[in-house]
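Please keep the sequence and the structure in view while reading.

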Amino acid sequence: MGNSTGNFNTALGTSALFGSGNGGSSGSGATAVGSNAGYSQVVGTNNTFVGYKADVGTSVPLTNATAIGANALVSASNALILGGTGPNEVTVGIGTATPYNDYALVVDSVSSGVINGGVVSNATGGNIYLGMTNGTHKFRVDLNGVTYADGG
């Protein structure tokens with residue numbers, strides 16, 4: 001770790017927190033686990049990076065930002081990012097070991113933990129949203145915004 005004035009940092013992995021940013025020359029409270037995790041030159045506070053090249057994706061200093069997964073990049077303070085994007089895109093499964101690989105979910109909580117909205121997107125076309133129970137389609141919204149509901 002290249003740390004000259006930062007403090008309270010933890011790094012585990014080759015070149016983790018090596019840059020002069022998150023845990024480097026002046027960042028503090030950073031945790032990085034994985035080769036090149038938290039390597040950027042962006043100064044930040046209390047950021048966490050877990051996975052190969054998990055890092056910040058911005059030149060703006062971040063606070064309380066977390067990137068988890070190989071090549072995962074976080075670009076906003078107080079945000080949690082799971083997985084990379086573009087060629088490093090991953091799927092996230094909650095309660096399943098085999099998540100669908102063409103859907104993404106973004107839930108926005110602006111203040112006090114109240115969810116003000118959410119976005120479900122399909123990177124490959126097809127349905128915008130698909131609701132399923134035990135592998136059976138029950139609800140969907142197609143690309144034109146038409147809603148279909150089983151029994152509705």
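## Loops, strands and contacts

Asn78 is found in the loop between strand 6 (73-74) and strand 7, where strands are DSSP runs of E with at least two residues, helices are runs of H or I with at least four residues, and both are numbered from the N terminus. The phi of Asn78 is near 55°, a positive value in a residue other than glycine, and at 60% relative accessibility Asn78 counts as exposed; here exposed means over 50% relative accessible area, buried means under 20%, and partly exposed lies in between (1.4 Å probe, protein chains only). Lys53, which is not a glycine either, has a positive phi of about 60° and is found in the loop between strand 3 and strand 4 (55-56). With a relative accessible area of 38%, Lys53 is partly exposed.

The model is a predicted one, in which local features need pLDDT of at least 70 and side-chain atom pairs count only at pLDDT 80 or more, while totals for chains, interfaces and linings use all residues. Residues are numbered from 1 along each chain as its sequence is written, and side-chain values use heavy atoms, with hydrogens and water left out.

### The chain as a whole

The chain contains zero helices and twelve strands. Of its 152 residues, 27% count as buried. The accessible surface of the chain comes to about 8900 Å², of which 55% belongs to carbon and sulfur atoms, as computed by the Shrake-Rupley method with a 1.4 Å probe, where for residues only the protein chains shown count as cover. Among contacts (heavy atoms within 4.5 Å) between residues at least 6 apart in sequence, 4% join residues at least 24 apart.

An open sheet of five strands has the order 1-2-3-5-7 with parallel pairing, two strands being paired if DSSP finds at least two bridges between them. Strand 1 and strand 7 (80-82) stand at the edges with a single partner strand each, so one side of each is left without a neighbour in the sheet. From one strand to the next the twist averages 5°, taken between axes that are lines fitted to C-alpha atoms (for helices over the stretch in contact), with angles running from 0 to 180 degrees between N-to-C directions.

Within this sheet, strand 2 and strand 3 run parallel and are joined by three bridges, and Val33 has Val50 in strand 3 as its bridge partner. Thr66 lies in strand 5 (residues 66-68) and is buried, with a relative accessible area of 18%. Not counting residues up to four places away in sequence, Thr66 touches Thr48, Val74, Ala79, Leu80 and Ile81.

### The antiparallel hairpin

Strand 10 and strand 11 (residues 136-141) pair in the antiparallel sense over five bridges. Their hairpin has two residues between the strands, and in it Asn134 takes a positive phi near 50°. Tyr129 lies in strand 10 (residues 129-133), and its bridge partner in strand 11 is Val141. Ile128 belongs to the loop between strand 9 (114-122) and strand 10. Two separations between C-alpha atoms involve these residues and are set out below.

| C-alpha pair | Residues apart along the chain | Separation |
|---|---|---|
| Ile128 and Arg140 | twelve residues | 7.5 Å |
| Tyr129 and Gly145 | 16 residues | 9.4 Å |

Tyr129, at 34% relative accessibility, counts as partly exposed, and Ile128 is also partly exposed, at 32%.

### Aromatic rings

Which kinds of ring interaction does the model show? A search of the whole structure finds one aromatic pair. The rings of Phe18 and Tyr39 have their centres 6.1 Å apart and their planes at 10°, so the pair is stacked; rings of Phe, Tyr and Trp (its six-membered ring) pair if their centres lie within 6.5 Å, with planes under 30 degrees apart counted as stacked, over 60 as edge-to-face and the rest as tilted. The pair links distant parts of the chain, 21 residues apart, with Phe18 in the loop between strand 1 (10-12) and strand 2 (31-33) and Tyr39 in the loop between strand 2 and strand 3 (48-50). Phe18 is partly exposed at a relative accessible area of 45%, and Tyr39 is partly exposed at 34%.

The charged end of Arg140 sits over the ring of Tyr148, 4.0 Å from its centre, a description that requires NZ of Lys or CZ of Arg to be within 6 Å of the ring centre and within 35 degrees of the ring normal.
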